[in-house]
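The sequence and the model are shown first.

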Amino acid sequence: MKKELIACLLACLSPAASEAAERSPIRISTHETDLILTITPGGRLQQAYLGKRLANESDLASLPYYNTQGSDGSSPAKGWEVYPGSGAEDYFEPALAITHNDGNMTTVLSFVSAETKKIDDNVTETVIRLKDNVYPVEVALHYMAYGKENIIKSWSLITHREKKPVTLWRYASNMLYFENAAYFLTEFSGDWAKEVNMSLQELKFGKKVIETKLGSRAAMHAYPFFEVGLGRAPEENEGEVLMGTIGWTGNFQFTFEVDNAGNLRVISGINPYASAYELKPGEVFATPEFIFTLSDCGKGKASRDIHRWAREYQLKDGKGDRLTLLNNWEATGFNFDQPKLEGLMKEAKTLGVDMFLLDDGWFANKYPRANDRAGLGDWEANRSKLPGGVARLVQAAGEAGVRFGIWIEPEMVNPRSELFEKHPDWVIRQPDRETYYYRNQLVLDLANPKVQDHVFGVVDNLMKENPGLAYFKWDCNSPITNVYSPYLKDKQNHLYIDHVRGVYNVFRRVKESYPDLPMMLCSGGGARCDYEALKYFTEFWCSDNTDPVERLYIQWGFSQFFPTKAMSAHVTSWNRRTGIKFRTDVAMMCKLGFDISLKDMDEKELAYCRQAVANYNRLKDVILNGDFYRLVSPYETNHTAVMHVGESQSKALLYVYDINPRFGEKLLPVKLQGLDASSTYRIEEINLPEGARSRLGATGKTFTGDYLMKVGLSVFTTSQNNSRIIEITQI
Ligand code: DGJ
């Protein structure tokens, strides 16, 4: 009764509030999910529902207000506020925090308007405007809902008209609430060469924060994505799960807070660490995009939805083809010259791949890039190694019958370089402290527009001088060290944010100038793996660790969020205890490349690789564009199996790996997924070594999709490091 009275009073007192109270709920929907926001009688925006799509529009009116305060829960303004400001009624982490010109640190946002527009038959964009009734601060919450793919992407725009700059010290992209009996978080942690390890923990009262402070990349120790099982631990094909990821190539932060009422609040955004941001009047602070999906049948479906969305909407050339390649890094390191590279180009042709990719070490003259201690920043070909320059390499690749791609790391500099000598003020480093290095290099100050021009110029000059260049591998080996921007001077608190924005300015210019140029995003392994950077890159390098056994785990981890066509995987000489077949079969499930000298292979091994490349090309559409099913987890068994199913379900590929089986271990059949139950399929083991016959009982036989998915196939063995690739064709 008391509650109703207050609500009525508020509504009567404020015309804006009464108008708001009459508004129907704001519905942000995919084909499977509803995010429903309501405006309280006091004019505040609340999350009323997030879950499976509701069948009846009329039920929206019955949705309750969420009041989580417990002790004195009288005000309807309290509760699941969509974008809570600091210092208001809620005592948990805010989405937004501002110090206003008069020193006041509270912000309370009221609803102003909402507008939903149809972008096309599949996508809608909803913009909700909020404002503080005391301070001239406005926030626009943006939501893009992708119907078929069941994805919602959201971000916020913050602006104000106070007299002087305000200080932003929290600026979330998005905040979500969940009301379940329990919450289980899968986090991804790692380090260089041991990326994306998955671990599960139950979230209890209080906060769990996942964040990084690396500056020039999102990841290394933690990754910019997470999974939350709602009610129970998330499984591959069962259970309700939230999967979320942030598109920010720098310090990010996810906060998972279980509050006094046992509800979970998930806040995603830039990490505000050392980044209190001074926003000028009229300036707009745009947060990164937070992308999420809800699945009620486990992680596998959620991953496939994200993959489809990424291919369709986010990844550079997401629907396009990908080039197979031979890279020289593992085979030569810095030690090569023109004849050696020309030899490798011929090897690329022999292998049957599309391209030869020249890695680090091709540039710099005054301080030649003979190792990683010098030359970075001086992007002209080294005259003694490559007297004909890049132009001759492009030409030689053409003569060998392959395309030519090149490695750069344009955001970085070695102190032993001409670039550093000419422009010491272009470098992030401390004026009065001893410099410390990560891989002997420093990060250029990308907040500085002149530095942005320089970095863009690295690609632009190479492309203008060598229009035949077919591919770039763009590396980024150092986090920001010696954190001080000479350009930002007394605005060091802007460094982490303005640096990343500077990086995006460059990426944007490169994409605008060279929209069809395929590019690999590389960062000493999988440290740059976020969906903002991937708007500008066709693929990313998952790890410098190319041991195929390790890669099975790494690929399993990244595949939670990224389509396999975006995950570069190369066959190398790492872990020679595994044969060339195992190494190749592991790389085949992603974007295939080689980084190995053919001289390290005997004739049979070479023949195997050639056959694998031919199979890859023949089956590329399924591998690059098919749905990915994770069937057997390497985390739970001594084996692993995954599958690609082509769009029409007429072709599928099953990849099977025995990693470390026990003697006499019980082997379970693998139940396939994604096939058409009523169709009949032929099973054929492919990628067999020359002269070998398949020992798979099912090869050459036919089965219904129903049988394959319910009974399965006996494909595992007790041999160590054994692999099988099985082609499944509808007949
Ligand atoms: C790190 C990358 O991950 C490697 O593939 C290679 O390109 C080296 N950098 C070159 O310095």
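In this predicted model, domain 1 and domain 2 bury about 620 Å² between them, and 36% of that area lies on carbon and sulfur atoms. Of the area that domain 1 buries against domain 2, 62% is supplied by M198, E236 and R304, more than by any other three residues.

Domain 1 covers residues 2-314 and domain 2 covers residues 628-730. Their C-alpha centres are 41 Å apart. Ten residues from domain 1 and five residues from domain 2 take part in the contact.

One salt bridge is counted between domain 1 and domain 2. A salt bridge joins the side chains of E236 and R630, with an N to O distance of 3.0 Å. E236 is also one of the three residues named above for the area buried by domain 1.

On the side of domain 1 that touches domain 2, β11 (194-203) and α3 (298-314) each supply at least two residues. The largest share, five residues, comes from α3. The classes of the residues on this side of domain 1 are as follows.

| Class, side of domain 1 that touches domain 2 | Residues |
|---|---|
| Nonpolar | two residues |
| Polar | five residues |

Methods
Residues numbered from 1 in each chain as written. Predicted model: local features only at pLDDT ≥ 70, side-chain atom pairs only at ≥ 80, totals over all residues. Heavy atoms only, no water. Domains from an automatic or database assignment. Contact = heavy atoms within 4.5 Å. Buried area = accessible area lost by both parts, 1.4 Å probe. Salt bridge = Lys/Arg side-chain N within 4 Å of Asp/Glu carboxyl O. Helix = DSSP H or I, 4+ residues; strand = E, 2+ residues; numbered from the N terminus. Nonpolar A, V, L, I, M, F, W, Y, C, P; charged D, E, K, R; others polar.
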